[in-house]
Amino acid sequence: MLPDWYLSTGDLTRERPRAHRRKRSPVRRALASLAEALAREMSGSAQSHSWLSRIEPRAKVAGFMVLIFGATFLQGLLPLAVLLACASFAVLASGISPRRLARVWLGVPLFSLAIILPAATNLVTAGTPILTLLHLGPGAKLWSWMLPDAISITTSGLIVAARFLLRTTDCITLAFLLVATTDQAALLNGLRRMGMPRAFGMVLAMMQRYLALLLRAAEEIHMAKLSRTIAAGSVRSEQKWVAAGIGSLFRRTHRLAQETHDAMISRGYDGDIRVGTMPRLRAGDIAYLVGSAAVMAALILTDRLL
Amino acid sequence: MGKAIFRVTDVDYWYPGGKPVLNSIGFEVQEGERIAVLGANASGKSTLLHLLDGLYFACTGKTAAFGTVLTEDSVETPPFSREFRQRVGFLFQNSESQLFCSTVEEELAFGPLQLRLSAEEVERRVDDTLRLFGIEHLRARSPQALSGGEKRKVALASLITCGPRVILLDEPSAGLDPRTQQWLVEFLDLLHRSGITLVTASHDLSFVAETVDRTLILSEDHRLVYDGPMMDALRDLDLLLSVNLIHAHAHRHDEKLHMHPHLHEMWHEHEHGTEAK
């Protein structure tokens, strides 16, 4: 027999509707964004089936390391711009959506620009002024630091900023190309085979594997709460709920970690991870490695000659 | 009768600071047997399998495998540790915790690699097992991207590559669709016919009725209350009712509503007599 109140609850639809639309809670927004980003990155790498995605991970990681490391030695703007053009072309030729590249470019390089902007002015880099930003007048001081009469962008400062920005964008575009054309598992394999400690590689792989699982669990906890929520509670009650959710997730994480450890022991793990042997590099892999090294050598040589 | 694989003698187990989850348990498992450990939720089935796999250790009493008492020392000391891990495989209830590698291929290779088998042997075992399970197409996939049934198959395949002579299965049929469940029944039958010892913890009576010969039944107070043939246990409705494996079920035949215990998914016979209302 159901209790009396069960069927006699009033009609909630008769309540007056709210005048304004409710905003999504920050927790929900953050969880949804994280889950979306993770799913996008995981599906993104699987979607790329270009020639780059067929290269053996060890060779690919080595080739990209040569290019990224080499980029940090380039001084001239032209070689840096050429490298960026090549990397961008490779991104597009790999069938990666330009929108994904644009998202990468809008994030980190813009942040780098904000950091390097002071270096473009005569506050940091002396040189011929080309654009005056602020007239301070003679004798301007900031604490004991003497300021120039006017804050201006200088030619040398602009070159320093452009070099920094191009170099950062080069490295980020190359790193993005590597991640976007390599399966996550293969990327970790490549890093492991490049000498990354086995235990570290295993931990990274497991972290990547279980991060999505725990994110899903967090989302489920949040959805379960939402499905029983009629009106938003006070800030204090929301805080209590978030704390309880974190506690619940921690318990799940702990149980999962314990079970995973048991499963590893059950299959012979004794504290020392053993991984499989490396496959031989194919002609295409070696050609790619040599090609990467040749491109970088040519750019460095041009840079020195210019 | 084969030789004893496991000998459990008067075992008690409780989690630190908790109530007992196993109470004076004793039984033997012979080579080639297929046994079910039945019991309601939280009766101690999973804990018992963990004890048999040398992951937990008896608080009092003894658990011996292949003639060696299982202690933290014995299961961590070669050569027994390696032999034991090679001979005994454990299919966990939660496949997520068992599939921790980046790809299905790595998952299958993990056990043999830890057992220090040669690279050629590992590759041969992985290839053969992928073929045996019909999951060659999943080789390079991440376990995370698999369906529930595929995960269970890969988890079982990851044990098979170690070549265990004994397999412990914790709720293997839970959450499987009918086709995968039927595949599992047939695969366990193949293992049994090949002489592999199977110990299955479950509360799914219809599944274990098809896959085992002998059953151990744990009561809700964590005692072993039955050790005998599976079919005899299934006929003893009072026993099954007392350990919460079946329940008295009210149902209607035309105008008559009556209540009696029976197994839901199995054929049963009853009289419509005095009990009918």
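In chain B, Arg7(B) stands opposite Glu28(B), a residue of β2(B). Strands here are DSSP runs of E with at least two residues, helices are runs of H or I with at least four, and both are numbered from the N terminus. This is a predicted model, in which local features need pLDDT of at least 70 and side-chain atom pairs count only at pLDDT 80 or more, while totals for chains, interfaces and linings use all residues. Residues are numbered from 1 along each chain as its sequence is written, and chains are lettered from A and ligands numbered from 1 in the order in which they are written.

Stay with Arg7(B) for a moment. Arg7(B) also stands opposite Ala64(B), which belongs to β4(B). Thr9(B) has its bridge partner in β4(B) as well: Lys62(B). Now take the strands themselves. β1 (residues 4-14) and β2 (residues 20-30) of chain B run antiparallel and are joined by seven bridges. Two strands count as paired if DSSP finds at least two bridges between them. β1(B) also pairs with β4 (residues 60-65) of chain B, again in the antiparallel sense, over five bridges. Strands of a sheet pair through backbone hydrogen bonds, either parallel or antiparallel.

Next, the turn. β1(B) and β2(B) make a hairpin, and five residues lie between them. Gly17(B) sits in that turn, with a positive phi of about 75 degrees. Step back to see the sheet. Four strands of chain B form an open sheet in the order β2-β1-β4-β5, with antiparallel pairing. Its edge strands are β2 and β5 (68-69) of chain B, each of which pairs on one side only.

Chain B holds eleven helices and twelve strands in total. Of its 277 residues, 40% count as buried. A residue is buried if 20 or more other C-beta atoms lie within 10 Å of its own, exposed if 12 or fewer do, and partly exposed in between, with C-beta atoms placed from the backbone. Among contacts in chain B between residues at least 6 apart in sequence, 62% join residues at least 24 apart. Two residues are in contact if their C-beta atoms, placed from the backbone, lie within 7 Å.

Look at α5(B). This helix is mostly covered: ten of its eleven residues are buried. Among them are Val104(B), Leu108(B), Phe110(B) and Leu113(B). Two glutamates, Glu106(B) and Glu107(B), are also on the buried list. The cover includes α6 and α7 (148-160) of chain B. After α5(B) comes Arg116(B), whose phi is positive, near 65 degrees.

Now bring in the other chain. The contact takes 28 residues from chain B and 24 residues from chain A. On the chain B side, the elements that give two or more residues are α3 (80-87), α4 (95-98), α5 (104-114) and α6 (119-133). α5(B) gives the most, with five residues. By class, this side of chain B has twelve nonpolar, eleven polar and five charged residues. Ala, Val, Leu, Ile, Met, Phe, Trp, Tyr, Cys and Pro count as nonpolar, Asp, Glu, Lys and Arg as charged, and the others, Gly among them, as polar.

Chain A has ten helices and four strands. From the N terminus on, its elements run α-α-α-α-α-β-β-β-β-α-α-α-α-α. Of the 306 residues of chain A, 22% count as buried. Among its contacts between residues at least 6 apart in sequence, 83% join residues at least 24 apart.

In chain A, α3 (residues 57-71) and α6 (residues 155-180) pack at an angle of about 175 degrees, with their axes 9 Å apart. That makes α3(A) roughly antiparallel to α6(A). Axes are lines fitted to C-alpha atoms, for helices over the stretch in contact, and angles run from 0 to 180 degrees between N-to-C directions. Angles under 35 degrees count as roughly parallel, over 145 as roughly antiparallel, 65 to 115 as roughly perpendicular and the rest as oblique. From α3(A), the residues that meet α6(A) include Phe64(A), Leu67(A) and Ile68(A). From α6(A), those taking part include Arg167(A), Asp170(A) and Leu174(A). By class, the contact has eight nonpolar, no polar and three charged residues.

End at Ala150(A), in strand β4 (residues 150-154) of chain A. Ala150(A) is partly exposed, because 15 other C-beta atoms lie within 10 Å. Ala150(A) touches Thr132(A), Leu134(A), His135(A) and Leu136(A), not counting residues up to four places away in sequence. Ala150(A) and His135(A) are 15 residues apart in sequence but 4.3 Å apart in space, C-alpha to C-alpha.
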